[in-house]
Amino acid sequence: MILSGSDIIVRTLIEQGTDVVFGYPGGQVINIYDSLYKYQSELKHVLTAHEQGASHAADGYARATGKVGVVIATSGPGATNLVTGIATAYIDSVPLVAITGNVPNTIIGTDGFQEIDITGITLPITKHNYFVGSIENLADTIREAFRLAKSGRPGPVLIDVPKDVQVAKYDYEPQPPVAAEEAHPAKDIRIRQAADCINAAQRPFLYFGGGLITSNAQEELLQMAKIIDAPMGCSLMGISGVPTDDPRFLGMQGMHGHYACSMAMHHADVIIAMGARFNDRVTGNRAKFARTAKIVHIDIDGAELGKTVHPTHGLRGDVKKTLQKLLPLLNRTEHPQWQAEIAKLREEEPAWTAGRA
């Protein structure tokens, strides 16, 4: 069917399973808003008071639903107002697609009214971004953006669409929703080496972040905690990864976390980290962080392995699939002395929290 570029944008969003978008209208996306009105029975639009609020809302929607969040803004100040929300999604690995309008192709590069190079501005805080200079590429670019946003380590993708592309007409053929790229476990040899390290541990500690939740590896984590008799702690992004009343769970670790959790991690001889970044709020002075511990670091993003701390064993792969191959290699064991130390740390925590220690 022959549709305008703005209709193609909205129809492709619907095709990809989007049921709500967030945004704020402006001159260079007014055609998109006409199309949103036309298809309002299939796609709900949430109007915010400011573009930054729209990007944060789309980010929150993605976290709550597991779907790709979508935000729309006009060119220039509308587009730049999205930056904080896009950066938040980037740092926290949240799948987000931001669609911005721009001035017509004929004006690009002339510093036209509200012309801003938003793809250049957001390059450091997106997984990828696109300038769609031709309507022929519009639908496929949106599909590719959705695939990229939710594949591997999720994150934001920006699509910048000039006004004339939104107005132009082209043949649109619906397609099925794109699937995320298949996730893979770490290499077998890396998993075997990690298993040997974990089996030799006397004071193991399990540390998980948002990557564990994204990978849906909670059950595998709980199984490993029982097998190797280890306490668990999490980063801020890992909160809700396991039930808070689990007797092995010590809470959040780090500067703003629990005393018992932070001290247990510090005294561990092997730390098994899953989908966590080891940022400075977790490690403090990295030269003093867990100096006696060997670190097994599992993460789907290979760039995180060794970025801030140097793991003894770095396993690049999906957390769930890697743990599924790791669990059968672990020896079932108990560490009564280690558990006694953990119990003592729990007893000491109220005094430290109250500042009386």
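A: Happy to! Histidine 335 sits in the loop that lies between helix H14 (319–326) and helix H15 (336–354). Please keep in mind that this is a predicted model. Is this histidine buried or exposed? With a relative accessible area of 6%, histidine 335 falls under the 20% cut-off and therefore counts as buried. Leaving aside residues up to four places away in sequence, histidine 335 touches Ala201, Gln202, Pro204, Ile228 and Asp229. With glutamine 202 there is also a polar contact: the side chain of histidine 335 reaches the backbone oxygen of glutamine 202 at 3.3 Å.

Now let's turn to another part of the fold. Here six strands form an open sheet with parallel pairing, in the order S3-S2-S4-S5-S7-S6. Its edges are strand S3 (44–47) and strand S6 (128–131), each of which pairs on one side only. On average, and ignoring direction, neighbouring strands of this sheet are turned by 20° against each other.

Within the sheet, strand S4 (residues 69–73) and strand S5 (residues 96–102) run parallel and are joined by five bridges. Isoleucine 72 stands opposite isoleucine 99 in S5. Helix H3 (residues 51–65) packs on the sheet, where it touches strand S2 (20–23), S4 and S5; the direction of H3 makes about 170° with that of S4. Helix H7 (residues 138–150) packs on the sheet too, touching S4, S5, S6 and strand S7 (156–162). The direction of H7 makes about 165° with that of S7.

Definitions and conventions: Residues numbered from 1 in each chain as written. Predicted model: local features only at pLDDT ≥ 70, side-chain atom pairs only at ≥ 80, totals over all residues. Heavy atoms only, no water. Pairing = 2+ DSSP bridges. Helix = DSSP H or I, 4+ residues; strand = E, 2+ residues; numbered from the N terminus. Axes fitted to C-alpha atoms, helices over the stretch in contact; angles between N-to-C directions. Contact = heavy atoms within 4.5 Å. Buried < 20%, exposed > 50% of the residue type's maximum accessible area, 1.4 Å probe, protein only. Polar contact = N/O pair within 3.5 Å; in protein donor to acceptor, adjacent residues only side chain to side chain.
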